[in-house]
Amino acid sequence: MGACTSFDEDQGESLEFRELALGGSVVGSAAEGGGNGGDWIINGLSEPSVCGVDPDFPLSSPQGLGVNGWLGSGDPEGEEVIRYMVECALPEHDEVVVQSPQGPLVFEGGIGLAPQWRDGACNEGCQQWVSACLLARTNAEGNSVRIHVQGDHPALGFGEHPDFPHYSASFFGNVFSNPESMHACQGDPQGVMMAALQGRTCSIDSDECGFDTYTDCLVDAGCSPSPNGLATMECQPDINGPSYPSISVSVAEVDDESIVAEGCAPH
């Protein structure tokens, strides 16, 4: 997968996102070299900070991601976060080419939650959708995990997928705000357990991920249910605070033996 590489014609297979007839999306895994499925490995996102990114500037501008932005420092961790962020924001087959101290870099789109950010500013709604995507794709164990994501956005939608039957959590917030706002609420108990076996513990371990976590999405996090009842839409954890669009994650069935076989430590 070449979402962030030196710019040449041999970048390898691009990340693939599959839209489902019933809504929702299965997100392609970078660690698996593209194709259907997956969360991103944690690289740079154990604490998904975007402190080097200014949403007032377009992604394509020097102030956004170029030498006057985060890439100017040559920080590989910042480069990794930008890769995730652009994949969330821009649609598949779109890309941003920026100049870094190491030469031109290409960042490819994938989901398309904020296509306007390519050539314009990222307003609050844009920031919240990209934030929800980054939070939903965080894995505290660094494992590459296939997930199904849903949300009240034209690029997502709501729907079940037979390979991902367990609703594990919903994610929402704004990582561009000061201070950062990072929230997660738990789905059904089976989904929470399946996610934990795969290292996806941010909805149950606030210390590990730095998220504000809630046991019940509807009661504790103030979320409205999706039409299919297997996800959430808007969430308002503080009755006097802002509301956020959410992205809900469903995971596959796993067992301890399969996790151990892949070299991952079960919880």
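Start with Cys-88 and Cys-133: they form a disulfide (a pair of cysteine sulfur atoms within 2.5 Å), with their sulfur atoms 2.0 Å apart. The S-S torsion is about -80°, so this disulfide is left-handed. Cys-88 sits in helix α1, residues 76-89, and Cys-133 in helix α2, so the bond ties together parts 45 residues apart in sequence. Helices here are DSSP runs of H or I, at least four residues; strands are E, at least two; both are numbered from the N terminus. Both cysteines, Cys-88 and Cys-133, are buried, meaning under 20% relative accessible area with a 1.4 Å probe, protein chains only.

A caveat on the model. It is predicted: local features need pLDDT of at least 70, side-chain atom pairs count only at pLDDT 80 or more, and totals for chains, interfaces and linings use all residues. Residues are numbered from 1 along each chain as its sequence is written, and side-chain values use heavy atoms, without hydrogens and water. Mean pLDDT, the predictor's confidence in each residue from 0 to 100, is 76 for the protein chain. Over residues 1-22 the pLDDT is below 50.

Next, Cys-185 and Cys-217. Their disulfide is right-handed, because the S-S torsion is about 100°. Cys-185 is in strand β8, and Cys-217 is in the loop between β9 and β10.

Then Cys-223 and Cys-235, joined S to S at 2.0 Å. The torsion is about 110°, so this one is right-handed. Cys-223 lies in strand β10 and Cys-235 in strand β11.

How many disulfides does a search of the whole structure find? Five.

Back to helix α2, residues 124-136, which also holds Gln-128. Gln-128 counts as buried because its relative accessibility is 7%.

Technical notes
Contact = heavy atoms within 4.5 Å. Buried < 20%, exposed > 50% of the residue type's maximum accessible area, 1.4 Å probe, protein only.
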